[in-house]
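Hello,

Here is the structure I promised to pass on to you. Please have a look at it first, and then read on for what I found in it.

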Amino acid sequence: MAATTTVFSGIQPTGQLHLGNYIGAIRQWLGSQDECFNILCVVDLHAITVYQDPDELRRVCREAVGILLASGLDPDKCLIYIQSHVPAHSELAWLLNCVTPVGWLQRMTQYKEKSQTQDSVSTGLLDYPVLQAADILLFDTDLVPTGEDQRAHIELTRDIAGRFNMLYGDTFKLPKPVIPKIGAKIMGLDDPTSKMSKSIIKERPHHGIGVLDDPKKILKSFKRAVTDSGSDIEFSDDPEKAGVNNLLTVYQALTGKSQEDVLANFADARGYGDLKGGVAEAVIEILEPMQTRYREMMADGSYVDDVLHTSAAKARELCKDRLADAREKLGFLADRTS
Ligand code: TYM
């Protein structure tokens with residue numbers, strides 16, 4: 001990959017980051033930070049499309065940044081910043097709103113699903129993917145590494161960019177999604193038919209693994225994981241085997257082993273209890289050192305804030321030309337001072 005490849009991705013501060021976020025997204029960002037320029041954004045403007053307690057939002061934002069840094073993302077190689085610190089995100093979202101047919105947004109599956117869980121649906125929730133498109137398009141992004149659930153948003157980003165380019169002339173680069181082959185959709189431990197998600201973990205802690213969960217909780221959540229009434233440890237598309245398949249996928253994603261080696265590893269397992277214990281152990285082995293780094297980093301009161309301050313200043317500088325270009329293409333009169 002060329003040294004100038006720009007990678008952009010985002011994560012919502014709506015609860016503690018979990019194992020699905022780690023496997024589906026953070027691991028990919030770690031993998032690309034040496035060859036690409038990673039821009040990683042904690043998307044607080046997206047978070048408020050559904051109500052967030054303000055103190056909790058502040059706390060979770062800092063926690064998310066701390067976790068990204070503790071996971072090994074290097075602020076000398078990547079930009080890690082808070083979305084609302086770079087006002088260009090909101091401004092470009094408005095410009096893109098004006099070229100996005102509302103039908104495109106109403107058709108988005110995530111919108112349809114999420115709006116059903118809300119008493120009152122905000123305009124922001126419908127508009128969510130346009131803000132995401134703005135995030136990505138501001139930086140001439142080449143690649144957007146995410147889990148499977150974001151594929152439709154990235155396709156829509158390409159459609160919005162294409163429409164803007166068609167109406168006003170070539171302005172935005174069309175980004176490509178990068179979805180991992182293994183672990184793109186980690187399922188809930190207590191319900192392997194639904195995706196592991198921050199909002200469900202808040203209600204049902206054993207639904208998933210928070211990356212800051214202590215080893216005892218991790219083991220307990222795995223021991224309680226829903227499997228099936230059989231005893232075969234195998235990768236399978238059969239919905240009946242979704243629980244076992246999910247456990248094997250977590251193990252495979254974290255160890256980097258082939259399916260054959262994963263199965264060989266559990267060949268002597270005496271039932272699902274051993275499988276669950278083995279997967280829990282692999283998860284703890286990855287998360288424990290990260291948790292130690294997290295605690296050390298957070299003990300230094302100003303480290304996270306310093307990283308955020310420096311990264312946001314760089315991000316503001318980096319995206320200003322693309323925003324100015326879009327404004328000009330739209331026909332805005334330039335301000336003498338800008
Ligand atoms: P969010 O916060 O829901 O998730 C962050 C990243 O984690 C991935 N992910 C998963 N991967 C595998 N299994 C799971 N169970 C799982 N749950 C989440 C997501 O696919 C994502 O990569 N809309 C985005 C945030 C966003 C963004 C962007 C992403 C805003 N602007 C621009 C990319 C580019 C979201 O809600 O992610």
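Let me start at one residue. Threonine 249 sits in helix H11, which covers residues 242-255. Is this threonine 249 buried or exposed? Its relative accessible area is 15%, so threonine 249 is buried. Leaving aside residues up to four places away in sequence, threonine 249 touches Ile182, Gly183, Ile186 and Phe235. Please keep in mind throughout that this is a predicted model.

Now the overall layout. To the contact, domain 1 gives 20 residues and domain 2 gives 18 residues.

How much area is buried between domain 1 and domain 2? The value is about 1,700 Å², and carbon and sulfur atoms account for 69% of that area. On the side of domain 1, Gln16, Leu19 and Ala70 supply 32% of the area buried against domain 2, which is more than any other three residues. As for pairs across the interface of domain 1 and domain 2, the rule finds zero salt bridges. It does find eight residue pairs in polar contact there, with both residues at pLDDT 80 or more. Helix H1 (19-32) and helix H3 (54-70) each bring at least two residues to the side of domain 1 that touches domain 2. Sorted by class, that side of domain 1 holds nine nonpolar, nine polar and two charged residues.

Next, the salt bridges. Side chains of opposite charge can pair when their charged atoms come close.

Arginine 58 forms a salt bridge with aspartate 55, and their closest N and O atoms are 2.9 Å apart. Both residues lie in helix H3, three residues apart, which is about one turn of the helix. Arginine 58 is exposed, with a relative accessible area of 55%, and aspartate 55 also counts as exposed, at 54% relative accessibility.

Another salt bridge joins the side chains of aspartate 142 and lysine 173, at 2.9 Å from N to O. Aspartate 142 is in the loop between helix H7 (123-137) and strand E4 (143-145), while lysine 173 is in the loop between helix H8 (151-168) and strand E5 (176-178), so this pair ties together parts that are 31 residues apart in sequence. Lysine 173 counts as partly exposed, at 39% relative accessibility.

The side chains of aspartate 228 and lysine 241 also meet in a salt bridge, at 3.4 Å from N to O. Aspartate 228 is in the loop between helix H10 (215-223) and H11, and lysine 241 is in the loop between H10 and H11 as well, so the pair ties together parts that are 13 residues apart in sequence. Are aspartate 228 and lysine 241 buried or exposed? Aspartate 228 counts as buried at 17% relative accessibility, and lysine 241 counts as buried at 8%.

Finally, look for Asp140, Arg322, Asp325 and Lys329, which are linked in a network of salt bridges.

Enjoy exploring it, and do write back with any questions.

Best wishes

Definitions and conventions: Residues are numbered from 1 along each chain as its sequence is written. This is a predicted model: local features need pLDDT of at least 70, side-chain atom pairs count only at pLDDT 80 or more; totals for chains, interfaces and linings use all residues. Side-chain values use heavy atoms; hydrogens and water are left out. Contact means heavy atoms within 4.5 Å. Buried area is the accessible area (1.4 Å probe) that two parts lose on being put together, summed over both. A salt bridge is a side-chain nitrogen of Lys or Arg within 4 Å of a carboxyl oxygen of Asp or Glu. A polar contact is a pair of N or O atoms within 3.5 Å; within protein, one must be able to donate a hydrogen and the other to accept it, and residues adjacent in sequence count only if both atoms are side-chain atoms. Helices (H or I, at least four residues) and strands (E, at least two) are DSSP runs, numbered from the N terminus. Ala, Val, Leu, Ile, Met, Phe, Trp, Tyr, Cys and Pro count as nonpolar, Asp, Glu, Lys and Arg as charged, and the others, Gly among them, as polar. Buried means under 20% relative accessible area, exposed over 50%, partly exposed in between (1.4 Å probe, protein chains only).
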